[in-house]
Amino acid sequence: MRNVTKDNISDVVIAALSKDIPARNREILESLIRHIHAFCIEAKVTHAELIEACQFLVRAGHISDDARNEFILLSDILGVEVLVDMLDHAVTDGESESTVLGPFYRENPPVLPKGASIVQKNFEGSETVRVRGIVRDTEGQPIKDVIVDVWEDAPNGLYEQQDPDQPDYNLRGRFMTDENGEYEFVGIRPVPYPIPYDGAAGELLNYMGHHPWRPGHIHFMLKKDGYQGLVSQIYDADTEYLDNDAVFAVKQSLIGKMQTAGAGADTDLLMTFDFKLKPLASAMAVAAE
């Protein structure tokens with residue numbers, strides 16, 4: 001094809017795709033090519049804007065490392081990660097809703113007994129909270145031996161890998177549900193915090209005229225063989241930014257109320273939050289439809 005025009009450029013590029021690539025590769029690339037070309041035409045993108053966009057991505061790459069993935073932040077700010085999560089984990093059988101993983105998860109957190117504290121450092125003015133609940137299947141039966149990973153930000157708004165003054169794996173833990181499907185741990189009441197905005201993510205927020213703040217929440221990741229895994233976040237019902245989350249990840253079903261623990265309790269607050277996991281056979285059946 002020697003005469004490439006704006007009217008046939010999409011067909012020309014798609015025709016260059018090898019016939020030997022996997023069908024899924026072709027499906028993704030054909031859609032990407034047509035949509036990105038249509039975007040350039042609709043927005044009348046200039047060459048200077050294209051070069052600036054490329055340089056912006058270079059800056060995002062330079063600031064990314066093992067502790068910070070700028071590209072996940074960019075996808076969050078644009079609502080892409082939460083949209084993909086909704087598409088990939090559509091609720092079909094009454095299971096708990098998922099939401100975004102975020103950029104601050106760490107593998108292999110400390111394995112702790114039921115009821116243990118994930119707090120390794122005290123912060124003045126912080127409130128402790130005992131979080132407990134039951135993990136059930138979609139029929140309402142409790143599930144034992146579910147791996148429950150939890151992590152949260154400190155009262156200064158930083159996750160431990162962002163803060164050299166916090167102990168390694170502070171406010172992180174891995175628990176196992178007991179024979180009654182119960183989990184329990186002690187943490188700190190989470191506070192709103194800004195997603196990192198000193199790099200490309202901040203540039204994008206400024207371009208959008210949007211703020212970087214997230215409501216206070218605790219992250220959960222639940223796993224057990226035979227069940228669809230769950231990545232979720234539980235939001236404090238009394239936190240700010242529930243209606244204006246910088247990454248659009250709040251869902252009504254994921255808001256939990258923190259109550260005063262009462263006299264004689266060993267924490268300031270108490271929150272009960274239950275989860276439901278979908279058996280893998282049900283998840284596979286839905287995917288096959």
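The model is predicted. The chain contains seven helices and twelve strands. Its C-alpha trace spans about 80 × 45 × 30 Å along the principal axes. Of the 289 residues, 40% count as buried. Among contacts with a separation of 6 or more, 71% join residues 24 or more positions apart.

Two residues illustrate how sequence and space relate. Histidine 35 belongs to helix H2. Is histidine 35 buried or exposed? Its relative accessibility is 57%, so histidine 35 counts as exposed. The cut-off for exposed is over 50%. Serine 10 lies 25 residues from histidine 35 in sequence, and their C-alpha atoms are 9.2 Å apart.

Isoleucine 134 sits in strand S1, which covers residues 128-137. Which residues does isoleucine 134 touch, leaving aside neighbours within four places in sequence? The partners are Pro142, Asn180, Gly181, Glu182, Tyr183, Phe273, Asp274 and Phe275. Valine 247 is 113 residues from isoleucine 134 along the chain. The C-alpha atoms of isoleucine 134 and valine 247 are separated by 28 Å.

Helix packing was examined next. Two packed helices are described by the angle and the distance between their axes. Helix H3 covers residues 47-63, and helix H6 covers residues 200-208. Their axes come within 8 Å and cross at roughly 140 degrees. H3 is therefore oblique to H6. Angles over 145 degrees would count as roughly antiparallel. On the H3 side, the contact is made by Phe56, Arg59 and Ala60. On the H6 side, Ala200, Glu203 and Leu204 take part. By class, this contact of H3 with H6 has four nonpolar and two charged residues, with no polar ones.

H6 also has buried residues. These are Ala200, Ala201, Gly202, Leu204 and Leu205. What do the buried residues of H6 pack against? They pack against H3 and H4. An α-helix has 3.6 residues a turn, so residues three or four places apart point the same way. Just after H6 comes glycine 209, with a positive phi of about 70 degrees.

The largest pocket holds about 830 Å³ of space. Its lining has 19 residues. Closest to the centre are Phe39, Glu49, Glu52, Ala53 and Phe56. Which elements give two or more residues to this lining? They are helix H2 (23-43), H3, helix H4 (70-77) and H6. H3 gives the most, with eight residues. By class, the lining of the largest pocket has 15 nonpolar and four charged residues, and no polar ones.

The second largest pocket holds about 180 Å³ of space. Its lining consists of 13 residues. Nearest the centre lie Asp66, Pro103, Phe104, Tyr105 and Gln161. This lining divides into six nonpolar, three polar and four charged residues.

Cavities were also found. How many cavities of 30 Å³ or more does the structure hold? There are two. The largest cavity has a volume of about 70 Å³. Its lining is drawn from several parts of the sequence. It includes His89, Val91, Glu95, Ser96, Glu97 and Ser98. Gln228, Gly229 and Leu230 also line the largest cavity, as do Lys276, Leu277 and Lys278. By class, the lining of the largest cavity has three nonpolar, five polar and four charged residues.

The second largest cavity has a volume of about 50 Å³. Leu73, Asp76, Val100, Gly102 and Pro103 contribute to its lining. So do Tyr193, Ile195, Arg214, His219, Gln233 and Val247. Pro103 also lies among the residues nearest the centre of the second largest pocket. The lining of the second largest cavity divides into six nonpolar, three polar and two charged residues.

Conventions:
Residues numbered from 1 in each chain as written. Predicted model: local features only at pLDDT ≥ 70, side-chain atom pairs only at ≥ 80, totals over all residues. Heavy atoms only, no water. Axes fitted to C-alpha atoms, helices over the stretch in contact; angles between N-to-C directions. Helix = DSSP H or I, 4+ residues; strand = E, 2+ residues; numbered from the N terminus. Parallel < 35°, antiparallel > 145°, perpendicular 65-115°, else oblique. Contact = heavy atoms within 4.5 Å. Nonpolar A, V, L, I, M, F, W, Y, C, P; charged D, E, K, R; others polar. 1 Å grid on protein atoms, 1.4 Å probe; cavity = no way out; pocket = protein on both sides within 12 Å on 5 of 7 lines; lining within 4 Å. Points joined across faces, edges and corners; volume = space filled by probe spheres on them. Buried < 20%, exposed > 50% of the residue type's maximum accessible area, 1.4 Å probe, protein only.
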